[in-house]
Amino acid sequence: MLKKISSFNKKVNFEKFPDKFGRFGKFGGRFVAETLMPLLLEVEKEYKIAKKSKEFKKNLDYYFKNYVGRPSPLYFASRISERLNNAKIYFKRDELNHTGAHKINNCIGQILLAKRMGKKRIVAETGAGQHGLATATVCALFNLKCIVYMGETDIKRQAPNVFKMKLLGAEIRSVKSGTATLKDAMNEALRDWVSNVSDTFYVIGTVAGPHPYPMMVRDFQSIIGIEAKKQILKSEKRMPDLLIACIGGGSNALGLFYPFLNCEKVKIVGVEAGGKGINTDKHAASLSKGKPGYLHGNHTYLLQDKDGQILDAHSISAGLDYPGIGPEHSWLKEIGRVKYVNATDKEALNAFKLCCKLEGIIPALEPSHALAYLLKNAKNFNKNDLIIMNMCGRGDKDIYSISNYLGVNL
Amino acid sequence: MQNRIEKKFFDLETKKEKALICFVTSGDPDLKTSQKIINALPKSGADIIEIGMPFSDPMADGPTIQRSSLRAIQSGINLKKTFNIVKEFRKKDTSTPIILMGYFNPIFQFGLTKFFSEGSKNGVDGLIIVDLPPEEDKLINNYTKKFNIHNIRLLTPTTNKKRIGTISKSSKGFLYYVSIMGITGTKRPSINSVKMSVGKIKKITNLPVIVGFGINNPRQVAQMNSFSDGCVVGSAIVKIIEENLDTKNKATKITKKINDFLKKLKKKC
């Protein structure tokens, strides 16, 4: 397995990206209506100042530690390891965070920034509901008005999260336009922002959107990789051979990968949602099957038809169901730093079940895709291999859709 | 060769008239009806025609234009067919400027060289790409120059003085002032704040300044025209199309209703 993934030997300093135009190579940028441009320039400026501020850092650390529950453990999954030819696999357990996923790392960061900028109203988009839930949670904490846009289709399949967001005081706006999923929720959130620029901050949930969002979300999520690096050096006294994470927009993956990008010897794999198979029209594998284009403010790989109309993505996991991907991933693919693969709905579901039984961890369907890819390639590992997988979310939210899928009535 | 847009503004100034710019979505509700609607616009009073190129994810558009884009996409519209509409229109009208308006992805997928050469060949005079702000439009600057298609820039209530300066310096044809903070066809613009902004812009540039977004009646047109060089009407026209989809002889009925509506607006120009 590890041999199958070629090493990276180009000289690139990954800390220097994005450039001042928000570009990762040719990807990224800032493709938005003029109304938003001045605001994006302001967010970028304020973020740069905040990043250097000791006060901001102190606040962020405080909430990470006392509210989110960081650092999350790096756990040696011994029984899954046995299934991988005794390669050593560690789970970075961001599923233990408050609200059940990595999403809250970014929400704390962006909402602290919004507060610094004096914004009173927060809008967010959500697919699986994890980002919406995290945003609603942090808004409750800081007493900010919270509007969450969610596709009508997703509202149906993520009922528990919708209920939780309402309990937290958020207003859920059902999006019926387009295909009524995550991409349409993002369109609607952008339209809201354009209409309410003066008092509103848009908290984007993934490493996509116009500059500076891909950079900002990556920075806030990179706490995952920073911790993982310290933890693996402590327990194994060496760097891992392989990092692996699932990819929808790509924020949990980049959070783990980013602090390791400059360590050339660490191989990295991102797993997209293969849905019913990437040779059908029901998947969410933008990098494998998409083409570069422009959506939601950035240049990146997109699922689209020959006329440039954006196509529907499909995945059993609502969190991966997005026809685009963060621009930094598009770049990492093109220069060959990260290998992007995919796992199908069925493979993810099998990995999900196995993880419950072998580790006593009910994973979300999203990281089940990463685990599925490892299990699928189990024979190619050997016992010297050291792997970190981002267990980015827990499966509570998926119980209803999985029971439905398995034909069990709850 | 002079661009039709400059010639039109020159003629309007001579006649002491203001410009009425009319927006419809290409291929809405279907190719044939759309062609008839567009062909009839100049006679009804449209000085400039703005044709929307439908995109699945129109970020800056309100529900009315979202629905019209969807109808057009479902009827099978694409850029090739849009250029064909322009070509057919030009067989009968060689003077009314045509501006294509849309989002960057469909244009990029069509191919920039092909897009601009087809545009120039078929008689397109201007282009509005909503999600291509000045910071990113170097991607098309060589093409707009080479093919004499003006890149019409948008100014909004959030654009500060410095940006107005930079944007107007590199613009041609006219400047499009977005009268509200929001999406098309939703909020009602406040006349006083638009007047102040347009005044500010006119101090910085000599280009004509056109006001759009949320304009749908003769009174508003008259008010806006008292300080601007013209208005864009979009969602209000698209609404007429939407309200008459099921009628018999829809093309005739829609063009007649649009004609009645535009005549009233043009009186105020």
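Where in chain B does Pro29(B) lie? In the loop between β1 (19-25) and α2 (31-44). A word on those labels: helices (H or I, at least four residues) and strands (E, at least two) are DSSP runs, numbered from the N terminus.

Some ground rules. This is a predicted model, where local features need pLDDT of at least 70, side-chain atom pairs count only at pLDDT 80 or more, and totals for chains, interfaces and linings use all residues. Residues are numbered from 1 along each chain as its sequence is written, chains are lettered from A and ligands numbered from 1 in the order in which they are written, and side-chain values use heavy atoms, with hydrogens and water left out.

Now, why look at these spots? Because most residues other than glycine have a negative phi, and most peptide bonds are trans.

Back to Pro29(B). The peptide bond from Asp28(B) to Pro29(B) is cis, with omega near 0°. Chain A has a cis bond too, from Phe17(A) to Pro18(A), with omega near 5°. Pro18(A) sits in the segment before β1 (23-24) of chain A.

Next, positive phi. Asn148(B) is not a glycine, yet its phi is near 55°. Find Asn148(B) in the loop between α7 (138-147) and β5 (150-151) of chain B.

Then Phe213(B), with phi near 85°, also positive and also not glycine. Phe213(B) is in the loop between β8 (209-212) and α10 (218-225) of chain B.

Buried or exposed? Phe213(B) has 13% relative accessibility, so it counts as buried. Asn148(B), at 22%, counts as partly exposed. The cut-offs: buried is under 20% relative accessible area, exposed over 50%, partly exposed in between, with a 1.4 Å probe and protein chains only.
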